[in-house]
Amino acid sequence: MNLDDDVKKIFFETFPLLTEYDFDWEKTQNNYEDWDSFAQLNLITLTEAKFEINFSDDEITSINSAKSLLEITKSKL
Amino acid sequence: MNTINKFLINSSKANPEKIALIDENSEFTFSELEEKVMKFSSFLNQFEEKSVISLLFENTSEFVISYLSIINSGCVAHLIPTGISQHNLQNQVSSAKPRLALTSNSYFKRIDDIELENLEKLRFSDVKEISSKDRMPSPTDYAYLIYTSGTTSTPKGVPITHSNCDFSTKNIAKTLHYSKNDIDLLPLQMSHSFGLGCLHTSLYVGSTLVLQKNPKSEDILESIKKYNVTTLAAIPSTLSNITSNNNNDSLNQLSNLRLIITNSTFFPPETIRKLKNILREGIVATYYGLTEASRSTFMIFDGEKKIESVGKPSDGIEIKIKDEDKEGIGEIWIYGPNVIDNYWRNEYSENKSEGWLRTGDLGRFDEDGFLYILGRVDDLINISGEKVYPQEIERIVKVLSGIEEVIAIPMKHRSFGEVVKLFVKKTANSEITSTDILTHCIKNMERFKVPAKIEFVEDFPRTDYGKIKRFMLKE
């Protein structure tokens, strides 16, 4: 499995109601009904655990789409 | 109202030739045990009444004889777990201020290293019978002193009177139907309230008590077969080990037991189900009670009903939920003849209020009056104003295979105040990852309860009784 697939999988695990049809790398936080601050925390925790990395506070606040999560994760590997 | 020494005297009178006690090396009838105790207590009578005498023994007849002799001589038995660190041993003895410390040959070095003025130190084998007048304790006298395990703070000295103990023992015998026909297997230290309560009950009803030094499941199963055991008292992890690591043929040894009793506020439902399936007619039970208020509830498991409850208050005991929230959750307070009057040397008076014991445990009653324990008041995790009970998180995570123990604690967080941090001890050869655990949590709990950090540990800091020191994990 490549990095894109791994990040996408994290999205599906964090947002159980998300379907393949609805998923879009560019779709931002405002367009997710259930992307609240706790979902953000879950997303970060799961990504950090999966790739054994740590995000800074600034990085965490800048993550607002699957694409931005992928890019920041990529920069740390 | 009985004093504890009367338990033995009455059973000896009723059934002198019946086997009272079996350990690795010896067995005693009630009359033999009584005679040993009388001789030993004649030596102890040289110490003033109410003197504290410390005991450090494994699960052997030497412990039982020493303990009952101390009681019989009107002194107070200070019970020390064998797993105690030298530092804590010194602290306990400095607080208890015993006149004598008694131990077996194998633990004498530990006792000999204690520094305390006017403390005599003896091996069991050093004690010789001497002539001294008989004494009789009164029901309001302290019988024994146990220091709490210190899972939440510094260990506290808990002195138990004969009348506290008499009440609890009768409650145990009545609720769990102990009788002189029982053969009780005890793979538990008697320096702990659970094990000691089992000793008292056996003596009170006149059953036979089989002592086992260690809780290895193969030894337990062998003893059950060898002695035709009818009741088994063990902690949940021992019972889980038995059910998980033995084949059906071995587990059949358990099938004729009439009672399996444990002592936890959380007994894994899977273990309860397995035990219930193995037992032909026997019952599986647990109880809730602190050293300060022994056996305050009993729970006899009946299928899936109330499987996470610790049961209803024992006869004669009142339990209330103080300062309950809208879900009925609050601190558990206990009132009754099993509750201590005071802590040792009247310390920690804030834990008592007009006779009620403030347990520091969080709980709730259901509509049928069954009590559920949710954790400790101090352990609550406050996430943006939402109260999270660590045990709820731990129960959800524990069902994953590959996890031996798990502890949830609060971790400071700049946005939410606190979030959940999880410490996990894996089973041997487990390959479980943080991602596996988090994925499971996201599926099975509300978002705010999902741990924000997971740390794997080799083991946890533990008390001398083997309990996890949760407070030491907090930042």
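**Notebook: chains A and B**

I read chain A from the N terminus and noted the element order α-α-α-α. Helices here are DSSP runs of H or I with at least four residues, strands are runs of E with at least two, and both are numbered from the N terminus. My tally for chain A is four helices and zero strands.

I noted that this is a predicted model, where local features need pLDDT of at least 70, side-chain atom pairs count only at pLDDT 80 or more, and totals for chains, interfaces and linings use all residues. Residues are numbered from 1 along each chain as its sequence is written, and chains are lettered from A and ligands numbered from 1 in the order in which they are written.

I looked up the extent of chain A: its C-alpha atoms fill a box of roughly 30 × 30 × 20 Å along the principal axes. Of its 77 residues, 27% count as buried (20 or more other C-beta atoms within 10 Å of the residue's own, C-beta atoms being placed from the backbone).

Next I checked the interface. Twelve residues of chain A are in contact with 14 residues of chain B (C-beta atoms, placed from the backbone, within 7 Å). Helix 1 (3-14) and helix 2 (37-51) of chain A each supply at least two residues of the side that touches chain B. Helix 2 of chain A gives the most, with nine residues.

In chain B I traced an open sheet of nine strands, order 2-1-10-9-11-12-13-14-15, with mixed pairing (two strands pair if DSSP finds at least two bridges between them). Its edge strands are strand 2 (27-29) and strand 15 (312-313) of chain B.

Terms used: Contact = placed C-beta atoms within 7 Å. Buried ≥ 20, exposed ≤ 12 C-beta atoms within 10 Å, placed from the backbone.
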